[in-house]
Structures are given as C-alpha cells and as structure tokens.
Amino acid sequence: VAALRGVTLAIEPATMTAVLGPNGGGKTTLFLHLNGTLRPTRGAVRLAGEPVAYDRRALKRWRGQVGLVLQDPDDQLFAPTIRQDIAFGPYNLGLKPAEIAERVMEALTALDLDSLADRPTHHLSFGQKRRVAIAGVVAMRPRVLLLDEPMAGLDAEGVDQLLDILDGLRRAGTTVVFSTHDIELAWRWADRVAVLAAGRLIASGSTADVLGDGEVLTAAKLKAPLVLDLARALRDAGHPWPADRPPRSREALLNMIRKGKT
C-alpha cells in the first residue's frame, strides 16, 4: 500500500497548521516523514528549503529542529519522573548540565508542570502525560512541533488548556502542526489547513479558503464547520456580515448576532 502519493505540501513558519483526514488517510505517515522516521521512496523532504539527509549526524540535527509528539503519550514516556523524562532529549543533544536544567525548567513552565516536576510519570492523568510528552519535545527547542492527534482522549477542559499552550508556543515563534479529525477544532484554531484522504493531498491553504470550499469538503467526506454554516445561514437571512470574514468561534458568532440586533 502506498500510504502517501504525490503529496506536495509547504508548512509556513510560525503558523498553526491542522492536517485533517480520515483514519488511514496518511496523516501519521506524513508526520513520520517530516521528522525522518520514514524515508520517501520518491520525492524529498526539505527543511528551510534544503533537502534533508538521512545519515546519523543529519538525523540528529534534523530532529533537534523538528520534534514529533506521538498520539499515545505512553509510547513516549519512560523515565521515572517528569523532570528526568523531559531532560532526556536535551541530554542526547550533548548539552551541558546547566543548559539541560535550564531547558527542563523552561519546558515545565511552558506546559504548566512546575508543581509536578518530580512526580512519577505513571502517576499522571492522561492529560498530564500528554503535556509531559510535549514538554519533552519542547525542551529540545524545535523550530517545528508536530503533534499526532494531540487532543485525542482529552476532556473539554484539557483540550482548551492544551490549545492555549500551543497557541503560546506559536506566538513565541514555533511552527505548530497537528493532525486531527475535528473540523470544528481546525476551524477555530488553525491558521492553515491541509486535507489528506487515501494518501493524497486534496487541498491546502488558509483555513477559511480550504474549509469554506464545499467541493473540497465533499471530496474529503467532511462537513462544513457548524459555526460557518450558522454564519452563512444568518447572512442569507439578511444579516449584513461579510462573507470573506466569517466567525471562527462560537463566541465570535454570538458577538456578531448581538451586534446585528443592535
């Protein structure tokens, strides 16, 4: 089975990009190519415009710039404590102890784990494990952070907390790429969207352009975001809201309705 076929995709720096698609669509395979775990039989992966190499030294440098967080945090966590687990990546970069400690503290703070630093990893909730897995990658200070289904298994509060953290990383200059089945999530948070199905890239571009395109959604067997459908229905009913600037969240839609009444 050719998991990916003819995929040409550019990830813009310092953006949050959502990769949408069904199970088996190629999302995880794409991510494993983007951090060098898999090597394409045809085509090439480029980092900052330059083709990457696959020798040991090149892979170490590559993975220092592109970090991958797996879907199941239990596949990624193994050290006795949170602090030790987060330190593993910086240690393998060959950093000095003082810099390792600095990066660990930085990652603990960024993922709101300071108070849990010395807790055993097997005593954590699923959401906490997810944040520790991300912290372990953040401690390596990657330019690009790849997250495979990061919201899977989280409750609503956990999703909101994680998204706030990821948005903060993006604002600080990290390029964030996450895969998801949740089109509502992509509509609200992503700057850009790529849609995969059956190993092919159906569309990529700005979130509004891609998820506002009915033909793309039909081809990918996706439904338009509910907020977008409601905004369009209200506009068609006479509310004077510009079609090129639809609301991206429930709160934004409610504000538009309130303003329309006044």
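Guide: The secondary structure of the chain amounts to 11 helices and 8 strands. The model is predicted.

Visitor: How do you know which runs count as helices or strands?

Guide: A helix needs at least four residues in a DSSP run, and a strand at least two; by that rule the chain has 11 helices and 8 strands.

Visitor: Why does the radius of gyration of the chain agree with that of a compact globule?

Guide: For 262 residues, a compact globule would have a radius of gyration near 18 Å; the chain has 20 Å, and therefore the two agree. The C-alpha trace spans about 65 × 45 × 30 Å along its principal axes.

Visitor: What makes a residue buried, and what percentage of the chain is buried?

Guide: A residue is buried when its relative accessible area is under 20%. Of the 262 residues in the chain, 45% are buried.

Visitor: What makes a set of residues a nonpolar core?

Guide: Its members are buried nonpolar residues joined through side-chain atoms within 4.5 Å. The largest such core has 55 residues, and Ile86, Ile134, Leu145, Leu147, Leu166, Val193 and Leu211 have the most contacts inside it. A second, separate core has 15 residues, including Val144, Leu146, Val177 and Leu196.

Visitor: Which residues does Ile86 touch, leaving aside those up to four places away in sequence?

Guide: With contact taken as heavy atoms within 4.5 Å, Ile86 touches Val104, Ala107, Leu108, Val132, Ala135, Gly136 and Ala139.

Technical notes. Residues numbered from 1 in each chain as written. Predicted model: local features only at pLDDT ≥ 70, side-chain atom pairs only at ≥ 80, totals over all residues. Heavy atoms only, no water. Rg over C-alpha atoms; globule rule 2.2 N^0.38 Å. Buried < 20%, exposed > 50% of the residue type's maximum accessible area, 1.4 Å probe, protein only.
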